[in-house]
Amino acid sequence: MIAPARPTHRAVPAPAVAALVAAWLACAALPVAAGTDAPLLSGHESVAAGDDATGFLINPAAGGLRYPDELLLTLTDFEPSGRLYRGAWVRQSIGLSTSIVEGGVRTYGVTFHGGTESMRAGLGITTLRAPANGGHTTDYAFGLLAHPRPWFAWGAVADHLTRPSVLGVRFDRDYRLGVAVRPLAILTHASEARAAMLTLSADVADDEHAPLKASRLRFGAEIEPVPGLLLRGSLEDHGGFRLGIGLLGVHMGYHGSRAWGGDDRILATTHAVSLHSGEDRTVLAAGERRIAVVPLAGVLGDDAIGGFSILDGGERTEPVRPIHETLERALRDPRTRGVLLELGGVTNMAQLEELRPRIARLREAGKPVVAYLEAGGGRGDLYLASACDRVFATDEALFEGLGLRAERRYYRGLLAEWGVRVDRSSYGRYKSAYRNFSADSTSPADREAIERSLDVSQELFVSAVAADRRMDRARLLAILDGRHWSSADLEAAGLIDSVGYREQALATLGAMTGLGARPPTVDLSRAPAARRAWATPSPIAVVYAAGAIDVGESGGDLLMGPYMGSATVTAQLERAFRRPDVRAVVLRVESPGGSGLASNLIDHAVQRLKRETRKPLIVSMGSVAASGGYYIAAHGDAIFADRYTRTGSIGVLTIKPSFEGWYAKHGVREDDFERGRYMRGTSFARDWDAEIQAHADSSIFDYYRGFVAKVAEGRGLAWAAVDSVAQGRVWMGEDARDRRLVDAIGGLEAAVAEARRRARVPEGETIRLAEYRRPQGGLLARLIGRTMSGVWARTFHLPAPGGIYYLSDEAIAD
């Protein structure tokens, strides 16, 4: 990037050379008009205040802040020397620029920029080519732009880093430093748009060899009295001043500005037009109303987690966060007047329960929501659709399996035929994980727990849907008997409103919103809002703990599928608690448990970090937070669970497969040499005898006592009180609350609200969550699960013989 500077050589060049030098000053990436000290672009030019393409042409670090992509075209008339044409294309990490002066002088520039929200850096490289074999030169500029606070910014630019020369004229290095403030953003309750209504800036510029008293000062201001109308101006210490205006549409803008000298003589006038991908909020788009289309399908989860496992198959979870953000955007966006939910087989009732309040808020705000089921659906689709204003399904849509079913298969007989035996020890009448490998049938305790889970799940669904649809419970229960149902059947029963197609669902939304039979639609996930805030505070951190629990780094294998590693989660907790700006931490748990050691390591980190930082920890439970998943949550200052959450399962087990029978069947003979009576208990080649089984049972009971003691300590309960509701029993959310295993019913949003309250974050203050999610592997790892060097080691990752597991059985489906 090339900016104006004072040439070192003061000799007056020949007329032709003088013209080229003047052209240089006029067409540089930071062009100036004679008698001014900075490029004329918007009227309040500052190295600290810019956040769009005009700012990028002043500070190379400012590119890609406001819009994901932007194209800028400008025309500057210099009085009386001629015209300058400029163009710039900017996106989040790179920018290109060019300029042409009448007479043929051209510049070409590329800028690389990036960084964090609070600090960005940019490097600009510009080449000037003069006509008629005038030669060319390359220059470099470096810029910094910092947003340490929502109301304060500073920027700095160093230009002509290599002191380039052209046509015998060498330029000194040029330095610019600026600060900017948004006074309204100091108010904690100011919205993002209100905070940006007033921006004040001050810049100082100096040449490397110029005396300090020769520094140039400029004071600027930008006022946005109504969204989309920008009034700008600046005063310069030499007496010059500038005025500018900006008109912003949704995807385009106009910027006009004029500069005057100290004698009130017009120096230059600039007209600029920009096209950008981010949507500006503006009164100029008041009539451009639309319907947001939100597709939902698959198993919802906190993260996109995929990978094949023997136990769960190749099921992949779809991240729910983009759906929450889209619905929130639809609520706040004045142009979005309604929402069409396109449901295509969406599941995970706990996650759906957390989406239903967002639909309710849209409806309360006067923005109707219509559900459209093209192919039919299951319980999850109907559960979410029932929260909407209207429900449509196509003529050939099919609804089946709307009831509930749990299956338990037992493999002891099959394994015995193969000569394989699974030795198992557990404590807790309800501790059922891996019991299907060592038993032949469902125990009374397991049957009791399964029946209770089915009853609660059924009641939650029936009560919510019957109330939403104003249906008789008996009629709804008849639909949930497992038979196939057509759209006409469900319309007659009152579960859907109309049999129709997408255009009819949209026409209904159009009538409800006054947008006509063919309302405009938008996918808000592909139409991001323009970013106005300089910085958004992050006083709340969320650490996502998803998957089975194991020791070491997070990963995945063929038995457990994706799992969380104690080392990974502990490191994320450490970073979250140690962040100076974080005042409270939320631990989001979505786990059936796993390794006892790994669970203990995570719990120890939770207690230590709470003690050392004195920051509160709030726990949010997803669809399952059981056994080890509950263990790591027990010391939370408050625990929130959804009504569909399965939690508890406070119990311990260990298993070991034995191939002694298989070896005997196949003529394999083994001699044992050991030191230690119980060493055979660790061998895959020997069955447990009664004495080893008794020893394992005694050891497991000791671990159970410790588990219960941890929960009693964390929950402030007596050991006996916890023991009475433990025993490996899985509890649904409200049952767990009634037994004081959790504190309140609510999703992640409720847990964050509690964290805000404890951190004393004002209710109306806009914040951004500091999120610590499951690390994503490289491209190859994402394609094949893990690199080939690790496949064999993890393919047959059976539970370690003698390993202690806090693991829950996830046999109940939603």
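Visitor: Leaving aside neighbours within four places in sequence, which residues is Phe399 in contact with?
Guide: Residues are numbered from 1 along each chain as its sequence is written, and side-chain values use heavy atoms, with hydrogens and water left out. Contact means heavy atoms within 4.5 Å. With that rule, Phe399 is in contact with Leu373, Gly376, Gly377, Leu382, Ala393, Arg483, His484, Trp485, Ser486, Ser487 and Leu490.

Visitor: Is Leu355 buried or exposed?
Guide: Start with its place, helix H5 (residues 349-364). Beyond four places in sequence, Leu355 touches Leu296, Leu300, Val320, Ile323, His324, Leu327 and Leu384. Ile323 is 32 residues away in sequence, with 8.4 Å from C-alpha to C-alpha. At a relative accessible area of 1%, Leu355 counts as buried.

Visitor: How do H4 and H5 run, roughly parallel or roughly antiparallel?
Guide: Axes are lines fitted to C-alpha atoms, for helices over the stretch in contact, and angles run from 0 to 180 degrees between N-to-C directions. Angles under 35 degrees count as roughly parallel, over 145 as roughly antiparallel, 65 to 115 as roughly perpendicular and the rest as oblique. The axes of H4 (residues 321-332) and H5 come within 10 Å and cross at roughly 10°. H4 and H5 are therefore roughly parallel.

Visitor: Which residues of H5 make the contact with H4?
Guide: From the H4 side come Ile323, His324, Leu327, Glu328, Ala330 and Leu331. Sorting the contact by class gives six nonpolar, one polar and four charged residues, where Ala, Val, Leu, Ile, Met, Phe, Trp, Tyr, Cys and Pro count as nonpolar, Asp, Glu, Lys and Arg as charged, and the others, Gly among them, as polar. The H5 side is Glu354, Leu355, Arg358, Arg361 and Leu362.

Visitor: How many charged residues does the contact of H12 with H13 have?
Guide: The axes of H12 (residues 566-578) and H13 (residues 596-613) come within 9 Å and cross at roughly 10°, which means H12 is roughly parallel to H13. Leu573 and Phe577 are among the H12 residues that meet H13, whose own set includes Leu601 and Leu609. The contact has nine nonpolar and three polar residues, and the number of charged ones is five.

Visitor: What is the relative accessible area of Pro227?
Guide: Pro227 sits in the loop between strand E12 (216-226) and strand E13 (229-236). Past four places in sequence, Pro227 touches Arg281, Thr282 and Val283. Pro227 is partly exposed, with a relative accessible area of 38%.

Visitor: Which residues does Asp689 contact beyond four places in sequence?
Guide: Asp689 is in the loop between helix H15 (660-665) and helix H16 (690-715), and is partly exposed at 27% relative accessible area. Its contacts, leaving aside neighbours within four places, are Arg677 and Arg680.

Visitor: What is the phi of Arg740?
Guide: Arg740 lies in the loop between helix H18 (733-738) and strand E39 (744-745). Arg740 is not a glycine, and still has a positive phi of about 65°.

Visitor: What is the mean pLDDT of the protein?
Guide: Where pLDDT is low, the predicted coordinates should not be read in detail. Residues 1-37 stay under 50, and the stretch 779-797 is below 50 too. Still, 87% of the residues reach 70 or more, and the mean is 87.

Methods
This is a predicted model: local features need pLDDT of at least 70, side-chain atom pairs count only at pLDDT 80 or more; totals for chains, interfaces and linings use all residues. Helices (H or I, at least four residues) and strands (E, at least two) are DSSP runs, numbered from the N terminus. pLDDT is the predictor's confidence in each residue, from 0 to 100. Buried means under 20% relative accessible area, exposed over 50%, partly exposed in between (1.4 Å probe, protein chains only).
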